[in-house]
Amino acid sequence: MPAASPSIAHDPALDSVRLVETPEGVSLRLAPAGPLPRALAWLLDALLRTVVYVIAALVLAFLGDFGGGLMLIVFFLMEWFYPVVFEVLRDGATPGKRTLGLRVVSEEGVPVSWSQSLVRNLLRVVDFLPLLYGFGLISMLLNGNFQRLGDLVAHTMVVYESDTAEAGKLPEGEVIAPALAFSPDEAQALMAYAERRDTLSDARASELADLLRPLLPTTAPDPSQAVMGVARWLAGGR
Amino acid sequence: MNQDAFVAKRQADWVLLDSWLGDDRPMDGHDIPRRYRQLCQDLALAQSRRYSPALIQQLENRVLGVHRRFYRRPSRLLQRIGQYLVWEFPRNVRREWRLLSIASGLFYLPLIALLIAVQWSPELVYSVLPVDQVGKMEEMYDPASSVLGRERSSDSDFQMFGFYIFNNTGIGFRTFAAGLLFGLGSAFFLVYNGVVLGAVAGYLTDLGHIDTFWGFVVGHSAFELTAVVLSGTAGLRLGFALLAPGRRSRRLALIEAGRQGMGLVYGAAGLFILAAFVEAFWSSTTWPPVAVKYAVGAVLWTLVLAYFLLLGRPRGA
C-alpha cells in the first residue's frame, strides 16, 4: 500500500471519482454527475425559462410591435446565454443545477471562465442532435467524466457539490477497545461505517456489522453497537 | 495523534477559513495564504493517517472552496472587450486566412454561381425556394410599392431588429457549433445560405427589381455576410481539429480549436448585431435616394475590410 495514495481507496474501474491535484500538492476528489441528474436539471431550467417567457410575453404584449421586438431579444438572450450567466456569476450552477446539487467546473476544479462557459453552451446545439441530446448522451457514456461534446471542447465537467456536513463527530456512546489491531484502511472502513450508520436501516446496519462478529469483543450485545464503540475508540475516545 | 485530538487542535483555523469563505472580504488581515497551506497539510495528514471519510470529505470541501476562491480568473470585462476589438479580433481573423478562404469559397462561389445561373433560367429559383416564398420576395421588393416590404412605423423597425438578432445571430452560432461534426455542418450552412441568397438575388435582378433589392441589402451586407463567413470559419476550425489534429491528441486539438473558434465567434456575434441594427433602421428606409444607399454600402464594406486588414498590427511593422 503506497503511503501517498489518497485515503479512501477508489478503484478507478469501480468509481467515477476523479482526482485533481491542486498546486499545493494535495489531491481533491471530484465526482462527475451522470446523464440523469443533468437531464433533470436541464428540465428544471427549461421550466423556469418557460415561466420567464410567459411573464415577459404578458408584460411586453402591452408594448405592441416594440414589445414583440423586445420579446425576440429576450428569447435570443435566454436561449443562448441563460446558462452562461449563471455558470460564470453564480458559482457554476444554473438554478436547475443548484437544485440538483450540481455545478460546472473547469477540469482543474476551478470555476469556469466566460469563454469556457460560452463554448460549452454554444456547442449544446451539436450535443442536442439528432434529438434530445443524443450525441451528448453518447459522448457522456463513452467518457470517464460524463462530459458531453461541449464539455470536451470547453475543458469542463459537471460535478456533484458535496455538502460540508459536521464531520469528525460520532454520536456519543460506549467506547469499546478492539480485541485486535486494525490496519489503517480497516480502521477507516470502520469509521466510515460509524459515520454512515444514520443513513442505514437498522436491519441493514446489523447485517453489515454481523460480518465482523468474529473480530468483535465477545461481550458486545449488538454487533452494530459494538462496531460503533470500536469506531469511537479508533477516533480517539480511548 | 488520534482524530479527535487532531480536530480539536486545528478546528480554530478551519472555522476562520470558513468564515472568510462565507463572505466576500479581500484576502488581507487574516493571513489566509498561510492558513490555506496549513489546511492543505491537514488534508494530506488526514489522508495519510486514514482519518474518517467524513472528516476527509469536510477538509476536501474546504480546500476546494479556498482553491476556487484563490484561483478564480479575474474578469476585467470592459478592458478585455476593448483589447479584443482593436487588437485580437482582426489578428485572429488574419491568422485564419486559410480557413477563411475556404469558408468564403463555400459561401460566395455558390452565391455567385446561382446569381448568374438564374439570369439564364429564372425558373431555377423554384428548385431552391417554395413558390409562395418567391412570390412574397417578389412583392416585397416590387418597385411599384412605395415602401420596402410593408408600411413600417419605428415600432415595427424595432420588432424587425429583434427578429434579425434572434434569427441571424442564432444561425451564426449554429454554423459555428455544427463545425464539430467534422466541419460538415458548417460547410452545409455556408453552402446552403450561399445558394439561397444567390438564387433570390439573381431572380429579383432578373425581374428588374434592382434598386429596391440591392438598395435594401447593400447597407447591412458588409456586416452580415462577413459575420456568416466568420462563423463558418470558426466552425471549420473545430472540424479541422478533428480531421487533422497534427501532433496533438484530438482532445487537445479540439480544446485549442474551441478557444480559437470563440475568438472569431465573439466578433461574428458583434457583426450580426451591427447588421441587425443597420438592416432594421437604415436598410428599410425609403426616403434616401438609392445612390446614397449604394454609397453607404460601399463605405461600410471599405470600413470592414480596412478594419480586418489594418487593425491589430504591431507598431512600426
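Modeller: Of the 317 residues in chain B, 43% count as buried, and please keep in mind throughout that this is a predicted model. The secondary structure of chain B amounts to twelve helices and zero strands, so that, read from the N terminus on, its elements run α-α-α-α-α-α-α-α-α-α-α-α. The radius of gyration of chain B is 28 Å, well over the 20 Å that the globule rule gives for 317 residues, and chain B is therefore more spread out than a compact globule. Taken along the principal axes, the C-alpha atoms of chain B fill a box of roughly 90 × 50 × 45 Å. Among the contacts in chain B with a separation of 6 or more, 82% are accounted for by residues 24 or more positions apart.

One pair of residues gives a sense of distance within this chain: Phe70(B) and Pro289(B) are 219 residues apart in sequence and, from C-alpha to C-alpha, 60 Å apart in space. Phe70(B) belongs to helix H3, residues 53–71 of chain B, and it counts as partly exposed because it has 15 C-beta neighbours inside 10 Å.

Turning to chain A, the backbone has some points to look at. Most residues other than glycine have a negative phi, and most peptide bonds are trans. Leu129(A) and Pro130(A), however, are joined by a cis peptide bond, with omega about -15°, and Pro130(A) sits in the loop between helix H5 (124–128) and helix H6 (134–141). Tyr133(A), which is also placed in the loop between H5 and H6 of chain A, has a positive phi of about 60° although it is not a glycine; Tyr133(A) counts as buried because 20 C-beta neighbours lie inside 10 Å. His155(A), in the loop between helix H7 (149–154) and strand E4 (156–160) of chain A, likewise has a positive phi, near 70°, and counts as buried because it has 23 C-beta neighbours inside 10 Å.

As for packing in chain A, helix H2 (residues 64–89) and helix H4 (residues 114–122) pack at an angle of about 145°, with their axes 9 Å apart, and their crossing is right-handed. On the H2(A) side the contact is made by Trp80(A), Pro83(A), Val84(A), Glu87(A) and Val88(A), which meet Trp114(A), Ser117(A), Leu118(A) and Asn121(A) in H4(A). By class, the contact of H2(A) with H4(A) has six nonpolar, two polar and one charged residues.

How values were computed. Residues numbered from 1 in each chain as written. Chains lettered and ligands numbered in written order. Predicted model: local features only at pLDDT ≥ 70, side-chain atom pairs only at ≥ 80, totals over all residues. Helix = DSSP H or I, 4+ residues; strand = E, 2+ residues; numbered from the N terminus. Buried ≥ 20, exposed ≤ 12 C-beta atoms within 10 Å, placed from the backbone. Axes fitted to C-alpha atoms, helices over the stretch in contact; angles between N-to-C directions. Left-handed = near helix turned anticlockwise from the far one by under 90°. Contact = placed C-beta atoms within 7 Å. Nonpolar A, V, L, I, M, F, W, Y, C, P; charged D, E, K, R; others polar. Rg over C-alpha atoms; globule rule 2.2 N^0.38 Å.
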